[in-house]
Amino acid sequence: MPTTDLIITGSGILGLATAFLARRQGRSVHIIDRSDRPVGSSIQNFGHACFTGQSDAAQPIASKAREGWLDAAAATGLWAAETGTFIPAMTEAELTVLEQFAAHRGPDQVRLLDPEAIVEAVGNPDLPAIGGAHLPQDMRVDPRQAAPRIAAWLAGQGVEFTWNTHVTAVADGTVSTTRGNFHAEQVVVCPGYQLTSLFPEIAESHEIRICSLVMSLIEAPQHIPTGFAMLTGTSLARYDGFAAMPGAEALRHDLDEREPELRGCIANLMVTDIPQGLLIGDSHAYDLSPEPFIDERVGSLLLDRATSMLGIERPRVLQRWLGMYADSPTTNLVLERPDERTTVAVVASGIGMTLSFGIADLILSGGTADL
Ligand SMILES: Cc1cc2nc3c(=O)[nH]c(=O)nc-3n(C[C@H](O)[C@H](O)[C@H](O)COP(=O)(O)OP(=O)(O)OC[C@H]3O[C@@H](n4cnc5c(N)ncnc54)[C@H](O)[C@@H]3O)c2cc1C
């Protein structure tokens, strides 16, 4: 008979958030990961918890997720800033989408800013913004700290970790691995973009592929405040919440004409800070097996556009990397239960940090969501 209540495959933010909530419920938890520490999508990202920009349908999950991040921060001591997101509007089309979004969501979620206020928030007196917005509910975490900190805290709470161990199959409470079989009452599988190697049928039914993103870390100038997050016009065209506004179509045409190179690399131009510097990205390319090469033109383009908005004349690049996450053209969330004891959960879009704790709550409560 199994002695563990819950085995979780994957020590990314989704597996860890699930373990955090399960431990709070008093359940015994065992996490198995092929790596020797979290190194997947969950450390490669912006650490931007973009609750507000998610679709209306996702708002209940986003709100649970926000509670979860605040709880986890209080328990584990991980850094989580309630600093919100700033969005400068550089054109009438961008401003229109922000105004429509503000009218739709109300002032608790969206505060419109005049040009002086957004220029001050971004810290660049020469930014030719015509207005902007602040999304006060959004949060920031440090992606290089959050998952390792939660994992260490869970280990201290008695959660068992088996690292360097590849899970090869999961069914009916049995987890087969390269170190033998483990058994539990329930098994939750959160393998991120490696879903295809474990549950190929589920991956194929959602057309799961890998999205790769060009990212940079640059030295931060002093004028950027801690907890900074900036989205731009390309973000307004991309996140479901903004993109549902009636003005989004005109914004996309405007961007196609004004910024064809950014649109060509499917950019979501955005910036956040971490203690080591400023994170700048990102582009999107889709493939089943991406090549590892970073296109320098794409990296330079994103750097150029972001630093010119921030008024940074000579950015010093500290790191570049190709981030990867699971993507599906048909859904933002794969949440399936192939047998009574198994749940498979993969965020199939670039919103897994944001929604992690909300999805973990769905996983454990047996819920579903159409995102
Ligand atoms: C560049 C970039 C920027 C992003 N920006 C944001 C952002 O600002 N906000 C946001 O909300 N989201 C963002 N995302 C998306 C977010 O990072 C992901 O959605 C999220 O981290 C997915 O978490 P996960 O736990 O599902 O996957 P992962 O963090 O990839 O974890 C999966 C784990 O499963 C393990 N594993 C897989 N297969 C097996 C196996 N067979 N056996 C054992 N272990 C296995 C892996 O080793 C890994 O540790 C971004 C992603 C990237 C790459």
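**A buried aspartate, and then the ligand shell**

Modeller: D273 is found in strand 15 (residues 270-274); strands (E, at least two residues) and helices (H or I, at least four) are DSSP runs, numbered from the N terminus. The model is predicted, so local features need pLDDT of at least 70 and side-chain atom pairs count only at pLDDT 80 or more, while totals for chains, interfaces and linings use all residues. Residues are numbered from 1 along each chain as its sequence is written, and side-chain values use heavy atoms, with hydrogens and water left out.

D273 counts as buried because its relative accessibility is 8%; buried means under 20% relative accessible area, exposed over 50%, and partly exposed in between (1.4 Å probe, protein chains only). A polar atom of the D273 side chain lies 3.0 Å from the backbone nitrogen of G227.

G173 lies in the loop between strand 10 (167-171) and strand 11 (174-177), and counts as buried because its relative accessibility is 1%. Its C-alpha atom is 6.0 Å from that of V187, 14 residues away along the chain.

Helix 13 (residues 296-310) has 15 residues and should span 21 Å at 1.5 Å a residue, which agrees with the 21 Å between its end C-alpha atoms; the expected span is 1.5 Å times one less than the number of residues. Its buried residues include V298, L302, A306 and M309. After helix 13 comes G311, with a positive phi near 70°.

Now the ligand. Of the 35 residues around the ligand, D33, S42, H48, V167 and T354 come nearest, where a residue is near a molecule if one of its heavy atoms lies within 4 Å of it. The shell divides into 13 nonpolar, 20 polar and two charged residues. Among the elements that each supply at least two shell residues are helix 1 (13-24), helix 2 (41-44) and helix 14 (352-365).

Oxygen atoms of the ligand lie 2.6 Å from a polar side-chain atom of D33, 3.1 Å from a polar backbone atom of S41 and 3.4 Å from a backbone N or O atom of I351. The protein covers 98% of the 1000 Å² of accessible area that the ligand has on its own, by the Shrake-Rupley method with a 1.4 Å probe.

Conventions
A polar contact is a pair of N or O atoms within 3.5 Å; within protein, one must be able to donate a hydrogen and the other to accept it, and residues adjacent in sequence count only if both atoms are side-chain atoms. Ala, Val, Leu, Ile, Met, Phe, Trp, Tyr, Cys and Pro count as nonpolar, Asp, Glu, Lys and Arg as charged, and the others, Gly among them, as polar.
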